[in-house]
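I'm opening my notebook on this one and writing down what I look up, entry by entry. Let's have it on the page before I start.

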Amino acid sequence: MNDGYQYFALVPAAGSGSRMGKALSKQYLPLAGRPLIAHALETLCAVARIKAVFVVLAPVDDEWLRHDWSVCGDKLVPLFCGGATRAESVANGLRAMSDRVKADDWVLVHDAARPCITPAHIEALLHAVGDDPVGGILAQPVADTLKRADSAGRIEATVARTGLWQAQTPQMFRHGMLLRALTQNAEVTDEAGAIEALGQRPRLVAGDASNLKVTWPQDLQLAEWILKARNHQ
Ligand SMILES: Nc1ccn([C@@H]2O[C@H](COP(=O)(O)OP(=O)(O)OP(=O)(O)O)[C@@H](O)[C@H]2O)c(=O)n1
Ligand SMILES: C[C@](O)(CO)[C@H](O)COP(=O)(O)O
């Protein structure tokens, strides 16, 4: 069922990648021959149901114009309105895209730092959440035993993992509800957290470990290996 709404993507890309420890911002680091961010942008732009892909950049971003984004076609819309936190960047992006998007349209928020997203991951989310009254996210059930550390780096407790999932992106919510949620709750690390604070329960849609977030230097090698292995299939 589609009662007239459309799908858009919003890619927060205004971080500095401090945990990566490189001079160049993480989203522009070379990965399999292209800037890291190019992988997610190209994948999102290739999904036919997504009408436009808004990318939220830092207000001063000297790198964006150094690269050729033409492979993304005319769906790609850069917005130089990033904030001090990821939540602020997403909220600023939602405000900046307001003239193109209706309150009931779906917005898929996807980290620039998750370059290994595939069309199949995105289609799975669209299929599972397209008629949901709240929205949902890609995620993965926790597989390892979880330990809580004390300040000396020793194990204080084993934490029950039953029912625990690791949140990924895309996270898919209606534009109006998400903007209201992030305006009221800015202290969140993902969109679902803001929606939960409204008293809603977003749907969990099973993804897989290949949709990793590149956070630490060794994650770059893992992401490159995943992308290259797919190209050789
Ligand atoms: N003020 C910020 C902070 C983060 N992000 C974006 O949010 C995504 C997920 O954040 P993370 O992986 O934590 O990236 P950084 O904040 O850049 O990394 P770090 O925390 O290591 O500095 C990234 O695409 C990042 O560019 C953003 O748009 N605006
Ligand atoms: C949104 C997110 O990708 C879910 O796992 C993640 O929280 C973003 O990373 P951050 O380090 O919390 O900014």
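**A turn to start with.** I began at the hairpin of β8 and β9, which has 5 residues between its strands; there G153 takes a positive phi near 75 degrees. Strands here are DSSP runs of E with at least two residues, helices are runs of H or I with at least four, and both are numbered from the N terminus. I then checked how the two strands run: β8 (residues 146-149) and β9 (residues 155-159) pair in the antiparallel sense over 4 bridges. To count as a pair, two strands need at least two DSSP bridges between them. I picked K147 and looked for its bridge partner in β9, which is T158.

**Ground rules.** This is a predicted model, in which local features need pLDDT of at least 70, side-chain atom pairs count only at pLDDT 80 or more, and totals for chains, interfaces and linings use all residues. Residues are numbered from 1 along each chain as its sequence is written, while chains are lettered from A and ligands numbered from 1 in the order in which they are written.

**Confidence.** I looked up pLDDT, the predictor's confidence in each residue on a scale from 0 to 100. The protein averages 96, and 99% of the residues score at least 70. For the complex, the predictor gives an ipTM of 0.98 and a pTM of 0.97.

**Ligand 1.** How many residues surround ligand 1? I found 22, and the closest are P12, G15, S18, R19 and S89. A residue is in a shell if its C-beta atom, placed from the backbone, lies within 6 Å of the ligand. By class I noted 7 nonpolar, 10 polar and 5 charged residues. Nonpolar covers Ala, Val, Leu, Ile, Met, Phe, Trp, Tyr, Cys and Pro; charged covers Asp, Glu, Lys and Arg; the others, Gly among them, are polar.

**Ligand 2.** Around ligand 2 I listed R86, D111, A167, Q168, T169, T189, D190 and K213. Which strand gives the most to this shell? That's β10 (residues 165-174), with 3 residues. The classes come out as 1 nonpolar, 3 polar and 4 charged.

**The whole thing.** I stepped back and counted 6 helices and 11 strands in the protein. The C-alpha trace spans about 50 × 40 × 40 Å along its principal axes. Of the 233 residues, 37% count as buried, meaning that 20 or more other C-beta atoms, placed from the backbone, lie within 10 Å of the residue's own.

Notes. A residue is buried if 20 or more other C-beta atoms lie within 10 Å of its own, exposed if 12 or fewer, and partly exposed in between; C-beta atoms are placed from the backbone.
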